[in-house]
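Trainee: I'd like to learn how to read features off a model like this one. Could you walk me through it?

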Amino acid sequence: MQFTSEQRLDDGVLEREFTLGEIPGTLWTPASHAPAPLILMAHNNGLPKGQPRLVARARHSAAQGYAVASIDAPGCGDRPRSAVDEQARADLRRAMQAGEPVDEIFESFIGPLVEKAVPEWRTTLDALLALPEIGGPVGFSGWTAVGIRLAVVEPRVAAAGFFAGGFVPRAQREEARQIIVPLLFLLQWDDEGNPRQRALDLFDAFGSKEKTLHANLGGHVGTPWFEVEDGDRFFGRHLK
């Protein structure tokens with residue numbers, strides 16, 4: 001892992017950009033010098049690690065005493081995109097705008113992306129836990145499809161917060177039954193891009209004995225800020 005830049009923010013949080021092979025990432029660590037528990041924060045497909053909503057969440061969590069890391073998944077952010085990926089994204093946008101079925105387009109695009117992203121998250125986790133300022137345990141926050149696979153294959157993930165689970169590949173819907181860590185699931189009731197009933201069915205499928213559903217009125221980007229604060233309290237119960 002090579003750090004390429006760093007800045008100390010007004011709240012004392014240290015923000016550092018890093019590269020790990022071909023993987024670009026950002027690490028936020030709290031002002032405290034004690035080893036901090038780690039939250040892996042993944043945005044939904046195609047969006048960069050520098051997306052303002054993700055950065056705001058990361059900075060808030062770091063100020064509460066967590067180390068927070070985010071990476072750009074393959075084909076996301078500034079990473080190269082193949083012509084096939086670009087066409088799949090265009091087809092998905094067109095079908096959703098036209099109200100046409102998107103399941104098969106989604107499967108052909110998101111399924112392979114999950115398969116490529118999760119090994120990179122595990123490689124990143126190895127490098128992060130080798131840093132003296134990070135002590136574990138580990139939580140995951142964000143992209144449901146990636147989070148399901150990661151929580152199934154990665155025993156170091158001790159708790160997970162998932163967002164917007166309406167469109168999740170079939171493979172991850174089956175894997176959801178294997179999830180046993182404490183779970184916080186966020187649902188926007190009027191999310192135009194995530195079918196409500198599918199999200200509710202997915203929540204029902206999770207195998208966790210401790211799982212909580214928070215549903216709020218509004219569209220995809222309307223998640224209330226207090227859910228960030230509730231998320232930190234959730235992780236506080238299981239990571240600190």
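Trainee: Let's start with Glu15: which strand is it found in?

Mentor: Glu15 sits in strand E2, which covers residues 14-20. Helices (H or I, at least four residues) and strands (E, at least two) are DSSP runs, numbered from the N terminus. Before we go on, keep in mind that this is a predicted model, where local features need pLDDT of at least 70, side-chain atom pairs count only at pLDDT 80 or more, and totals for chains, interfaces and linings use all residues. Residues are numbered from 1 along each chain as its sequence is written, and side-chain values use heavy atoms, with hydrogens and water left out.

Trainee: Which side chain of opposite charge is nearest to Glu15, and how far away is it?

Mentor: Buried means under 20% relative accessible area, exposed means over 50%, and partly exposed is in between (1.4 Å probe, protein chains only). Lys and Arg count as positive and Asp and Glu as negative, while His and the chain ends are not counted. A salt bridge is a side-chain nitrogen of Lys or Arg within 4 Å of a carboxyl oxygen of Asp or Glu. Now the case: Glu15 is buried but has no salt bridge, and the nearest side chain of opposite charge is Arg59, 5.6 Å away.

Trainee: Which side chains make polar contacts with the side chain of Glu15?

Mentor: A polar contact is a pair of N or O atoms within 3.5 Å; within protein, one must be able to donate a hydrogen and the other to accept it, and residues adjacent in sequence count only if both atoms are side-chain atoms. The Glu15 side chain has such a contact with the side chain of Gln7 at 2.9 Å, and another with the side chain of Trp28 at 2.8 Å. Not counting residues up to four places away in sequence, Glu15 touches Ser5, Glu6, Gln7, Leu9, Thr26, Leu27, Trp28 and Val55.

Trainee: What about Arg79: is it buried or exposed?

Mentor: Arg79 counts as buried because its relative accessibility is 11%. You'll find Arg79 in the loop between strand E5 (67-71) and helix H2 (83-98). The Arg79 side chain reaches the backbone oxygen of Asp72 at 2.9 Å. Leaving aside neighbours within four places in sequence, Arg79 is in contact with several residues, including Glu22, Pro24 and Glu120.

Trainee: Back to salt bridges. How many does the count come to?

Mentor: By that rule, 14 salt bridges. Take Asp103 and Arg198, whose side chains meet at 2.6 Å, N to O. Asp103 lies in helix H3 (residues 103-129) and Arg198 in helix H6 (residues 196-205), so this pair ties together parts that are 95 residues apart in sequence. Asp103 is partly exposed, with a relative accessible area of 30%, and Arg198 counts as partly exposed at 29%.

Trainee: Which residue forms a salt bridge with Glu104 at 3.6 Å?

Mentor: That's Arg170. Arg170 lies in helix H5 (residues 170-175) and Glu104 in helix H3, so the pair links parts that are 66 residues apart in sequence. Glu104 counts as exposed at 52% relative accessibility, and Arg170 as partly exposed at 48%. Arg170 also meets Glu107 in a salt bridge, at 4.0 Å, N to O. Glu107 is buried, with a relative accessible area of 18%. Salt bridges that share partners also join Arg122, Asp126, Glu154 and Arg156 into one network.

Trainee: And pockets? How much space lies in the second largest pocket?

Mentor: Rolling a probe the size of a water molecule over the atoms shows where empty space is left. On a 1 Å grid over the protein atoms alone, using a 1.4 Å probe, a pocket is an open set of points with protein on both sides within 12 Å along at least five of seven lines, and lining residues have an atom within 4 Å of a point. Here the second largest pocket holds about 500 Å³. It has 29 lining residues, and the closest to its centre are Arg57, Phe163, Leu186, Thr223 and Val228. Helix H7 (226-239) is among the elements giving two or more residues to that lining, and H7 supplies the largest share, five residues.

Notes: Contact means heavy atoms within 4.5 Å. Grid points are joined across faces, edges and corners, and a volume is the space filled by probe spheres set on the points.
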